[in-house]
Amino acid sequence: FYARLHSQNPANWYVGGPARYDYDYPEETLQTWAAGLKRAADAGTEQAVVLFNNCVGVQAVENAKRLAELVRATVP
């Protein structure tokens with residue numbers, strides 16, 4: 001499984017430069033991704049790679065850490 005997450009702000013999709021990737025994923029969206037990864041694992045997916053490409057500041061790192069926490073909380 002592979003997912004690449006850029007931004008969910010359509011106003012910035014075609015702006016160019018750093019503004020295009022300036023997005024902080026909200027908790028609800030990260031929870032939805034965690035639930036989806038859990039369903040994928042339950043269905044037999046052995047590996048998942050999620051790449052955050054919202055790389056303005058530290059948003060990608062913070063979002064990845066939070067998603068990892070949510071996934072760990074759902075997987076024994």
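**Entry 1: a serine in a loop.** I started with Ser7, which counts as buried at 9% relative accessibility. This is a predicted model, so everything below is read from predicted coordinates. Ser7 sits in the loop between strand S1 (2-5) and H1. I checked what surrounds Ser7: leaving aside neighbours within four places in sequence, it is in contact with Trp13, Arg20, Tyr23 and Tyr25. I also looked at the polar end of the side chain, and a polar atom of Ser7 lies 3.0 Å from the backbone nitrogen of Asn9.

**Entry 2: overall layout.** Stepping back, I noted 2 helices and 2 strands in the chain. Read along the sequence, they come in the order β-α-β-α. The C-alpha trace spans about 40 × 20 × 15 Å along its principal axes. Of the 76 residues in the chain, 25% are buried. I then looked at contacts with a separation of 6 or more, and 67% of them are between residues 24 or more positions apart. The chain exposes about 5200 Å², with carbon and sulfur atoms supplying 55% of that.

**Entry 3: the core.** Which residues make up the largest nonpolar core? I listed 10: Leu5, Tyr23, Tyr25, Leu30, Ala34, Leu37, Phe52, Ala60, Leu67 and Leu70. Helix H1 (27-42) and helix H2 (59-74) are the elements that give two or more residues to this core. In soluble globular proteins, nonpolar side chains tend to be buried together.

Entry 4: Is Gln59 buried or exposed? Gln59 is buried, because its relative accessible area is 15% and the cut-off for buried is under 20%. Gln59 lies in helix H2. I looked for a polar partner and found Asp22, whose side chain makes a polar contact with the side chain of Gln59 at 3.1 Å. Leaving aside neighbours within four places in sequence, Gln59 is in contact with Tyr21, Asp22, Tyr23, Asp24 and Asn54.

**Entry 5: salt bridges.** How many salt bridges does a search of the whole structure find? The search gives 3. I took Glu27 and Arg66 to begin with; their closest N and O atoms are 2.6 Å apart. Glu27 lies in helix H1 and Arg66 in helix H2, so this pair ties together parts that are 39 residues apart in sequence. Glu27 is partly exposed at 33% relative accessible area, and Arg66 is partly exposed at 29%.

Arg66 also meets Glu69 in a salt bridge, 2.9 Å from N to O. Arg66 and Glu69 are both in helix H2, 3 residues apart, about one turn of the helix. Through shared partners, the salt bridges join Glu27, Arg66 and Glu69 into one network. Glu69 is partly exposed, with a relative accessible area of 42%.

Lys38 and Asp42 form another salt bridge, with the closest N and O atoms 3.0 Å apart. Both lie in helix H1, 4 residues apart, about one turn of the helix. Asp42 counts as exposed at 56% relative accessibility, while Lys38 is partly exposed at 26%.

Entry 6: Val49 belongs to strand S2 (residues 49-52). I checked Val49 on its own, and it is partly exposed with a relative accessible area of 46%.

Technical notes. Residues are numbered from 1 along each chain as its sequence is written. This is a predicted model: local features need pLDDT of at least 70, side-chain atom pairs count only at pLDDT 80 or more; totals for chains, interfaces and linings use all residues. Side-chain values use heavy atoms; hydrogens and water are left out. Buried means under 20% relative accessible area, exposed over 50%, partly exposed in between (1.4 Å probe, protein chains only). A nonpolar core is a set of buried Ala, Val, Leu, Ile, Met, Phe, Trp, Tyr and Cys residues joined through side-chain atoms within 4.5 Å. A polar contact is a pair of N or O atoms within 3.5 Å; within protein, one must be able to donate a hydrogen and the other to accept it, and residues adjacent in sequence count only if both atoms are side-chain atoms. Contact means heavy atoms within 4.5 Å. Accessible areas come from the Shrake-Rupley method with a 1.4 Å probe; for residues, only the protein chains shown count as cover. A salt bridge is a side-chain nitrogen of Lys or Arg within 4 Å of a carboxyl oxygen of Asp or Glu.
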